[in-house]
Amino acid sequence: MKKREGFGSSFGVLVAMAGSAVGLGNLWRFPYLVGTNGGAAFIIIYLAFVLLLALPIMYSEFVIGRRSQANVFGAYKVLAPGTKWCNIGFIYVLCSITIISFYSVVGGWTIDYLIKALSFQFDVADNAVLGGMFDTTVTSSYKPLIFMLIFIIATALIVLAGIKRGIEKYTKIMMPVLFVMVVVIAVRSATLPGAGAGLDFLFKPDFSKVTANTFLEALGQAFFSLSVGAGTIMTYASYVDRNESIVGLSAQTAIADTLFAIIAGLAIMPAVFSFGISPSQGPGLVFITLPYIFAQLPLGSFIAIIFFFILFIAAITSSISMLEVIVAYVSEELGLSRKGAIALSVSVILVLGSLCSLSQGVLSDITLFGNNIFDCFDKFSANILLPLGGLFAVIFVGWRMKKADVTDEITSAGIYKYPSFMQNFIYFSIKYLAPLVVAVIMLQGLL
Ligand code: PHE
């Protein structure tokens, strides 16, 4: 068998993982959810779910990927040969295809907005004009398709260059830049007059706003934001060296993602409050409200350029992780060359992505349960496929794999020793806690 490529360094693995996790989910979804769910109270619940639920799933995906050194389908063939378990792989491939299809549409918008920022088009401090601008951007038929195409091609070129010379090389440059730039904006935002209200909102818990729904939202966000359940962690893990620490890398990824979400909140909320705008705007927050704020800030035009550049980088480092899931599967299971696999995957994504994009405009009449195609893709992946993918990963590791093998993998064959209570807790959360809670949430969501 041809030797598989792998990551070149621990830092390379970490930035690739963090690159997958940090994305559009952090930059507009997290601040907005915090905004509508009691601020700091939501953050506390979210953190608990990251620790108790998303982490065990992450460990499980890591165990499966690293131990098998194969794609999401092949992994189960290696670990449970001759069984039907490998069919779970389809869920991950489907999930990655579904998410990347609508994600690329938003990725296209970020390129469009970056160009608008570079040509100083946000100088009009008028919400109606900026709202109209966003409307035209997403509803026109061919322009968003072109930007989506550019986004997908950029993603494909990085994936084509391979793990070490593509994904690792580019995320190594992009992620540190991303962190520095978002801190710059956070400092600018937090020092605006009246920013204190935004800070209070982010850090003073208001438990009166917490409802049953808050828990559901916090859970969905934990999954989406950490990229668990989509097979991206499993796929990246299959390129990770046997000496690396699964627990360490997973924890670092979760910390980086959470930190980034909070810094993104710091970059956005104080500015929103400083300008007396409601924090619960949804997608419009990033594409309408922020340009409105930028237009009134000293040096705002430059801040706008930095911000949309951040959004673009965050989106592309996530989309390459999804494309890699699909490409690894197609090339290793269907026997295509990497180039052929990318061409095939990109063609499928282009068709589905175009449908998502057009559903904002000319195809908006096509709906399912009141959702257009774009929203269907979003909801189907976040509410059904991600939890399902996560659920199967923990069930497989907790119930099908031998405990000794799991421990061997978690400790990297004994290289990393953890106190026994910690090791027991990790195993308990994989075997009982995560499957139970995820199953309950899924049922709640479906009923
Ligand atoms: N975690 C990414 C974000 O926050 C989205 C994502 C989900 C990426 C699933 C890969 C897999 O934007």
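I45 counts as buried because its relative accessibility is 9%; buried means under 20% relative accessible area, with a 1.4 Å probe and protein chains only. I45 lies in helix α3 (residues 40–68). Helices are DSSP runs of H or I with at least four residues, numbered from the N terminus. The C-alpha atoms of I45 and E217 are 9.9 Å apart, although 172 residues separate them along the chain.

The model is predicted: local features need pLDDT of at least 70, side-chain atom pairs count only at pLDDT 80 or more, and totals for chains, interfaces and linings use all residues. Residues are numbered from 1 along each chain as its sequence is written, and side-chain values use heavy atoms, without hydrogens and water.

The ligand is surrounded by 16 residues, with a heavy atom within 4 Å as the criterion. A21, G25, Y103, F224 and S227 are the closest. Seven of the shell residues are nonpolar, nine are polar and none is charged. Here Ala, Val, Leu, Ile, Met, Phe, Trp, Tyr, Cys and Pro count as nonpolar, Asp, Glu, Lys and Arg as charged, and the others, Gly among them, as polar.

Polar contacts are pairs of N or O atoms within 3.5 Å. A backbone N or O atom of S20 lies 3.3 Å from a ligand nitrogen. A polar backbone atom of L24 is 3.0 Å from a ligand oxygen. In N26, a side-chain N or O atom lies 3.4 Å from an oxygen atom of the ligand. Helices giving two or more residues to the shell are α1 (10–21), α2 (24–36), α5 (88–118), α10 (212–226) and α14 (300–333).

Conventions
A polar contact is a pair of N or O atoms within 3.5 Å; within protein, one must be able to donate a hydrogen and the other to accept it, and residues adjacent in sequence count only if both atoms are side-chain atoms. Buried means under 20% relative accessible area, exposed over 50%, partly exposed in between (1.4 Å probe, protein chains only).
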